[in-house]
Amino acid sequence: MTETTATRSGHVGKKPTGAGAPPRRSGVRPAAVGLPLLGAVITLAAWWLVTSGLQLVHPVALPPPQSVWQAMVAGIDVLLPALGVTTTMTVVGFLLSAVAGVLIGMALAGSRRVERMFAPLLVAVNAVPKIALGPLLVVSVGWGTKPILTMVFLLCFFPVVLSTATGLTTTPNDLAELARSLNASWWQAFRKVRLPAALPQIFVGLKVAMPLAAIGSVIGEFYSDKPGLGYQILQYNGIGDTATAWAAIVLIALMSILLYSALSLVERLALPWVRATTSAR
């Protein structure tokens, strides 16, 4: 009787996909590449319209995209090594702030006394305008890479600390109860339950910190002798070559997009269960 009913309803041989939702496709979808390219085209078109089409902005303040492209090609011998310097400072500073931020966040999450003692201090440090610290960093730590890495660290560490502490203190109750029912030790519960449950939140803080790392690197180069893109922006702007200065700004933006995409890829590979256990958008 069951087989007859199933045959008449036309569901023989069909496997349920779960909760009525279509299965997720693996691989790179065309929209994942096409939509960002479309957004870039629209942005360039609006940029050209404002600067060349309607001439709403003076070309000295914002050169048209074709002038910026020509300046980028002409100054590639200077801009490309500068891009390497800025990328290196951004990545190194981001990694330092990520490690320190996770450790500080773990300390805050592990002890309420430590959180009450140092959380206000961390908020105060984060509230200080970082650009005002630039000249002081040169006096305090000297020239070279130290002021750049310090500026990156100051801008990046707080989102990582906050996301780590939040993730470790918001473990789902059912997972915590499961660990207690299995008589897991503190380390076992932390390694098997609390840390994996906090990783999505930690990656949120890391993705917030990644663009801030690029900003910190550029600000640090304003007060350093390292010939990065921030240094080149000051130099070209000082001689009135705003097109090349904007070319350096465009390279900073492209670098930030690539680094953010790389971090998102690491998150996707490191946390495969997140997409499998959350609803698709």
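This is a predicted model: local features need pLDDT of at least 70, side-chain atom pairs count only at pLDDT 80 or more; totals for chains, interfaces and linings use all residues.
Residues are numbered from 1 along each chain as its sequence is written, and side-chain values use heavy atoms, leaving out hydrogens and water.

Now the answer. H4 covers residues 76-110 and H9 covers residues 186-222; their axes cross at roughly 140° and come within 8 Å. That makes H4 oblique to H9. Some terms: helices are DSSP runs of H or I with at least four residues, strands are E runs of at least two, and both are numbered from the N terminus. Axes are lines fitted to C-alpha atoms, for helices over the stretch in contact, with angles from 0 to 180 degrees between N-to-C directions. Under 35 degrees counts as roughly parallel, over 145 as roughly antiparallel, 65 to 115 as roughly perpendicular, and the rest as oblique.

Who meets whom? On the H4 side, the residues include Val85, Met89, Phe94 and Val102, and on the H9 side they include Phe190, Arg194, Leu206 and Glu221. Contact here means heavy atoms within 4.5 Å. The residues of this H4 and H9 contact divide into 14 nonpolar, three polar and two charged. For those classes, Ala, Val, Leu, Ile, Met, Phe, Trp, Tyr, Cys and Pro are nonpolar, Asp, Glu, Lys and Arg are charged, and the others, Gly among them, are polar.

H4 also packs with H11, at an angle of about 40° and with the axes 11 Å apart. That makes H4 oblique to H11. Among the residues in contact are Leu79, Leu83 and Phe94 of H4, with Ala247, Leu251 and Met255 of H11. By class, this contact of H4 with H11 has 10 nonpolar, four polar and no charged residues.

What about H5, residues 112-127? Its axis and that of H4 come within 6 Å and cross at roughly 130°. H4 and H5 are therefore oblique to each other. Ile104, Ala107, Leu108 and Gly110 of H4 make the contact with Arg112, Val114, Glu115 and Leu122 of H5. That contact has five nonpolar, one polar and two charged residues.

Next, a pocket. How many residues line the second largest pocket? The lining has 19, with Ala40, Leu44, Val250, Leu254 and Ile257 nearest the centre. H2 (30-53), H3 (65-74) and H11 (242-270) each supply at least two of the lining residues, and H2 gives the most, with eight. The lining has 17 nonpolar, two polar and no charged residues.

Finally, a glycine. Glycine 142 sits in the loop between H6 (134-141) and H7 (146-168). Its C-alpha atom is separated by 8.6 Å from that of serine 224, 82 residues apart along the chain. Leaving aside residues up to four places away in sequence, glycine 142 touches Leu137 and Pro147.

Key. On a 1 Å grid over the protein atoms alone, a cavity is a set of points where a 1.4 Å probe fits but cannot get out, and a pocket is an open set with protein on both sides within 12 Å along at least five of seven lines; lining residues have an atom within 4 Å of a point.
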